[in-house]
Amino acid sequence: MVRMPLTPAEIERGERLGALLRRARGERSMLSVALDAGVSPETLRKIESGRVATPAFSTIAAIAGVLHLSLDSVWAEIEPPVRTIGRAQVAS
């Protein structure tokens, strides 16, 4: 299976996600958060660094749960707002 290259928007969203998770983790160790979420520390490191820009939903849900983040708040922070111009919706 060939994986399509990520778009610039997907890469930016992955970077925003990583920054959000790093901030939310605060002083907690990457190891403890990863183990509590049931993911490998390497996976969490790659997500936080933006190297995995499109992690699986279940992975993000598990990490967000450990960090006491709602998925709505995660999405609101990583996805640019959509504005309406006429009848078309465009990302800001």
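In the predicted model, the chain exposes about 6,200 Å², and carbon and sulfur atoms supply 59% of this area. Of the 92 residues that make up the chain, 26% count as buried. The chain contains 5 helices and 2 strands, and these elements follow one another from the N terminus in the order α-α-α-α-α-β-β. Among the contacts in the chain with a separation of 6 or more, 54% are accounted for by residues 24 or more positions apart.

The arrangement of the helices is considered next. Two packed helices are described by the angle between their axes and by the distance between those axes. For H1 and H3, the angle is about 115° and the axes lie 6 Å apart. On the side of H1, this contact is made by Gly14, Leu17, Gly18, Ala19, Leu21, Arg22 and Arg25, while H3 contributes Leu44, Ile47, Glu48 and Ser49. When the residues of the contact of H1 with H3 are sorted by class, 5 are nonpolar, 3 are polar and 3 are charged.

Helix H3, which spans residues 41-49, also packs with H2, and the axes of these two helices come within 8 Å and cross at roughly 110°. This angle makes H2 roughly perpendicular to H3, and the crossing in which H2 passes H3 is right-handed. The residues that make the contact are Met30, Leu31, Val33 and Ala34 of H2, together with Pro41, Leu44, Arg45 and Glu48 of H3. By class, the contact of H2 with H3 comprises 6 nonpolar residues and 2 charged ones, with no polar residue.

A further packing is formed between helix H2 (residues 30-37) and helix H4 (residues 57-66), for which the angle is about 120° and the axes are 8 Å apart. H2 and H4 are therefore oblique to each other, and H2 passes H4 in a crossing that is right-handed. Here the contact is made by Val33, Asp36 and Ala37 on the side of H2 and by Ala62, Ile63 and Val66 on the side of H4. The residues of the contact of H2 with H4 fall into 5 nonpolar and 1 charged, and no polar residue is found among them.

Ile47, placed in helix H3, counts as buried because its relative accessibility is 0%. When neighbours within four places in sequence are left aside, Ile47 is in contact with Gly14, Leu17, Gly18, Leu21, Val52, Pro55, Thr59, Ile60 and Ile63. The C-alpha atoms of Ile47 and Gly14 are separated by 7.4 Å, although the two residues are 33 residues apart along the chain.

Leu17, one of the residues that Ile47 contacts, is found in helix H1 (residues 8-25). With a relative accessibility of 4%, Leu17 likewise falls under the 20% cut-off and therefore counts as buried. Apart from residues up to four places away in sequence, Leu17 touches Ile47, Pro55, Ile60, Val74 and Ile78. From C-alpha to C-alpha, Leu17 and Ile78 are 5.7 Å apart in space, while 61 residues separate them in sequence. Pro55 and Ile60 are among the residues touched by Leu17, and both are also included in the contacts of Ile47.

Thr59, which lies in helix H4, is another residue in contact with Ile47. The relative accessibility of Thr59 is 17%, and Thr59 therefore counts as buried. Leaving aside neighbours within four places in sequence, the contacts of Thr59 are with Val39, Thr43 and Ile47.

His68 presents a separate case, located in the loop between H4 and helix H5 (71-78). Because its relative accessible area is 73%, His68 is exposed. Most residues other than glycine have a negative phi. In His68, by comparison, phi is near 60°, a positive value in a residue other than glycine.

Definitions and conventions. Residues are numbered from 1 along each chain as its sequence is written. This is a predicted model: local features need pLDDT of at least 70, side-chain atom pairs count only at pLDDT 80 or more; totals for chains, interfaces and linings use all residues. Side-chain values use heavy atoms; hydrogens and water are left out. Helices (H or I, at least four residues) and strands (E, at least two) are DSSP runs, numbered from the N terminus. Buried means under 20% relative accessible area, exposed over 50%, partly exposed in between (1.4 Å probe, protein chains only). Contact means heavy atoms within 4.5 Å. Accessible areas come from the Shrake-Rupley method with a 1.4 Å probe; for residues, only the protein chains shown count as cover. Axes are lines fitted to C-alpha atoms, for helices over the stretch in contact, and angles run from 0 to 180 degrees between N-to-C directions. Angles under 35 degrees count as roughly parallel, over 145 as roughly antiparallel, 65 to 115 as roughly perpendicular and the rest as oblique. A crossing is left-handed if the near helix is turned anticlockwise from the far one by less than a right angle, and right-handed if clockwise. Ala, Val, Leu, Ile, Met, Phe, Trp, Tyr, Cys and Pro count as nonpolar, Asp, Glu, Lys and Arg as charged, and the others, Gly among them, as polar.
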